[in-house]
Amino acid sequence: MNEIICPNCKKAFKVDEAGFADILKQVRDHQFEKELSNHLALAEKEKVSAVELAKANVKNAFQEELAKKDKELAQLKAKSDTELAQKLAQKETEIAEMKSRIESAEIQKKLDVSEAIKLIEKERDKLANDLKIKETQTQLLEKSIKEQFTNKLVVKDETIKMKDDEIARLKDFKQKLSTKMVGETLEQHCEIEFNKLRATAFQNAYFEKDNDIRGGNKGDFIYKETDNEGNEIISIMFEMKNENDETATKKRNEDFFAKLDKDRKEKNCEYAVLVSLLESENEFYNTGIVDVSYKYEKMYVVRPQFFIPIITLLRNASMNSLKYKAELNLMRNQNIDITNFEEKITVFKEGFARNYDLASRQFKTAIEEIDKTMDHLQKTKDALLASVNNLRLANNKAEDLTIKKLTHGNPTMKAKFDELKNKPE
């Protein structure tokens, strides 16, 4: 809105941009017409003054010449009549010529004035045309600026709405972290969440309480899954820790790492996962899936909402190496020399683990950026893309691992595979 002060009543009033532009246009048009009228009036006055001056100059010159001729005529009156008549006729001719010259001068002056008027009118038309062009350009510029400003406002409003929605979602998510487990234990919650998907997503999976007290310890749950031939796809030792379970002294997640690692090894599980509500204010554990393999091998810490995603993630990763595990079991059953074969499998797993570690760390970075501020959404996107790229690299490594590469440099295995290949059906 623009504020305008009335020049008469000195009262201020506001008009919108469209009204202000219309008033500005009227003022410009009025000012231009006023200036144009002043120019034309001045030109007309100059024309009249010039004509009058020319007339006066010619008249004065003529009068001076006429006075001179009258004087000469008076002097000639004393001469003879014949001479006088000739001289008089000559003078009359000269007078006629002078009158003709005066008339020609007046016509020329009129032509000059007319030409000057035409030039002024041409200049006026040019100024009017330039003014219209400027007004058009101004209108187009104002329209462009308004459109840009409007678009920026729309984008800004959408961005603010997205951020508000994300903040609301995160607030709701954090509230659920502290309220979702009310009325049920964490173990019950995880078991219920798993059973919801058991019939559809985990038909061949084993997920039961760990009742094997080996070495005086046992975990909470063991997850195992095999293919149709009985080859193990993945195995996970789960430990669930709820803040409400600790009444006297508050525990930390790290306090349970050593026991969980020991349980994993005693029960021959490949991975160890701590599902925890401990240290609820610790942002390190609130970012999502936290890889703690830098302390204990193949160990992760997750909040309850990531219980199913960690199973899915580890399961999908293990599916890529399933056929190699099956071939390995087959060769073991046939007493095939696998000295270098297992080493290559280990190298593959370690390479995959490194890629997964990078992906997990970048995933953690992405979640941290989302939780801290919505302004870092672009950085989060980059981190997620980098995570996907590392997973893609890991998948490419899995797809690139072939029997031919595994048996390279191992004549014993190559001979066995050739024997199996050439063996009749």
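Begin by selecting Phe238, which is buried, with a relative accessible area of 0% (buried means under 20% with a 1.4 Å probe, protein chains only). The model is a predicted one, in which local features need pLDDT of at least 70 and side-chain atom pairs count only at pLDDT 80 or more, while totals for chains, interfaces and linings use all residues. Residues are numbered from 1 along each chain as its sequence is written, and side-chain values use heavy atoms, with hydrogens and water left out.

A search of the whole structure gives 11 aromatic pairs, where ring centres of Phe, Tyr or Trp (its six-membered ring) lie within 6.5 Å, and planes under 30 degrees apart count as stacked, over 60 as edge-to-face and the rest as tilted. Phe238 and Phe307 form an edge-to-face pair, 5.2 Å centre to centre with 65 degrees between the planes. This pair links distant parts of the chain, 69 residues apart, with Phe238 in strand S5 (residues 232–241) and Phe307 in helix H5 (residues 307–319); helices (H or I, at least four residues) and strands (E, at least two) are DSSP runs numbered from the N terminus.

Over the ring of Phe221 sits the charged end of Lys209, 5.3 Å from its centre (NZ of Lys or CZ of Arg within 6 Å of the ring centre and within 35 degrees of the ring normal).

Terms used. Buried means under 20% relative accessible area, exposed over 50%, partly exposed in between (1.4 Å probe, protein chains only).
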